[in-house]
Amino acid sequence: MLNIVSILIGVLALLLGLPAFLPFLGWANWFIIPVAVVGAVVGALSSRNGGRNFNLILIVVFGLRLMLGGGLI
């Protein structure tokens, strides 16, 4: 059950993070990465690894986008 909740949180973070890939909206990743961290924590409490791994991938991708934009753009 926690794995499904983790995946749902990850999908929410993904949907919120898609517009953050547009120029000048990269600052939104500062608010989206903590959502994915919460999903990863919930996934870590589960007996399965799918939700946790999905959220960890989202954290890495959004973190890279944040670094490429210099943290603001």
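Student: Where is N55 found?

Tutor: Helices are DSSP runs of H or I with at least four residues, numbered from the N terminus. N55 is found in helix α3. The model is predicted, so local features need pLDDT of at least 70 and side-chain atom pairs count only at pLDDT 80 or more, while totals for chains, interfaces and linings use all residues. Residues are numbered from 1 along each chain as its sequence is written, and side-chain values use heavy atoms, with hydrogens and water left out.

Student: Is N55 buried or exposed?

Tutor: Buried means under 20% relative accessible area, exposed means over 50%, and partly exposed lies in between (1.4 Å probe, protein chains only). N55 has a relative accessible area of 0%, so N55 is buried.

Student: Which residues does N55 touch?

Tutor: A contact is a pair of heavy atoms within 4.5 Å. Leaving out residues up to four places away in sequence, N55 touches S6, I9, G10, A36, G39 and A40.

Student: Which residues of α1 are buried?

Tutor: N3, S6, I9, G10, A13 and G17 are the buried ones in α1. They cover an arc of only 125° around the axis, so they are on the same side of α1; the arc is taken from the directions from the helix axis to the C-beta atoms. The buried residues of α1 pack against α2 (29–44) and α3 (50–68). On the other side of α1, I4, L8 and L15 are exposed.

Student: How many Å should helix α1 span?

Tutor: The expected span of a helix is 1.5 Å times one less than its number of residues. Helix α1 (residues 2–17) has 16 residues and should span 22 Å; its end C-alpha atoms are 22 Å apart, which agrees.

Student: How many aromatic pairs does the structure hold?

Tutor: A pair of aromatic rings is described by the distance of the centres and the angle of the planes. Rings of Phe, Tyr and Trp (its six-membered ring) pair if their centres lie within 6.5 Å; planes under 30 degrees apart are stacked, over 60 edge-to-face, and the rest tilted. The structure holds 2 aromatic pairs. F21 and F62 form a tilted pair, 5.9 Å centre to centre with 45° between the planes. F21 lies in the loop between α1 and α2 and F62 in helix α3, so this pair ties together parts that are 41 residues apart in sequence. F21 is partly exposed at 38% relative accessibility, and F62 is buried at 1%. The rings of W27 and F31 have centres 6.3 Å apart and planes at 85°, so that pair is edge-to-face.

Student: Is F31 buried or exposed?

Tutor: F31 is exposed, at a relative accessible area of 58%, and W27 is partly exposed at 41% relative accessibility.

Notes:
Helices (H or I, at least four residues) and strands (E, at least two) are DSSP runs, numbered from the N terminus.
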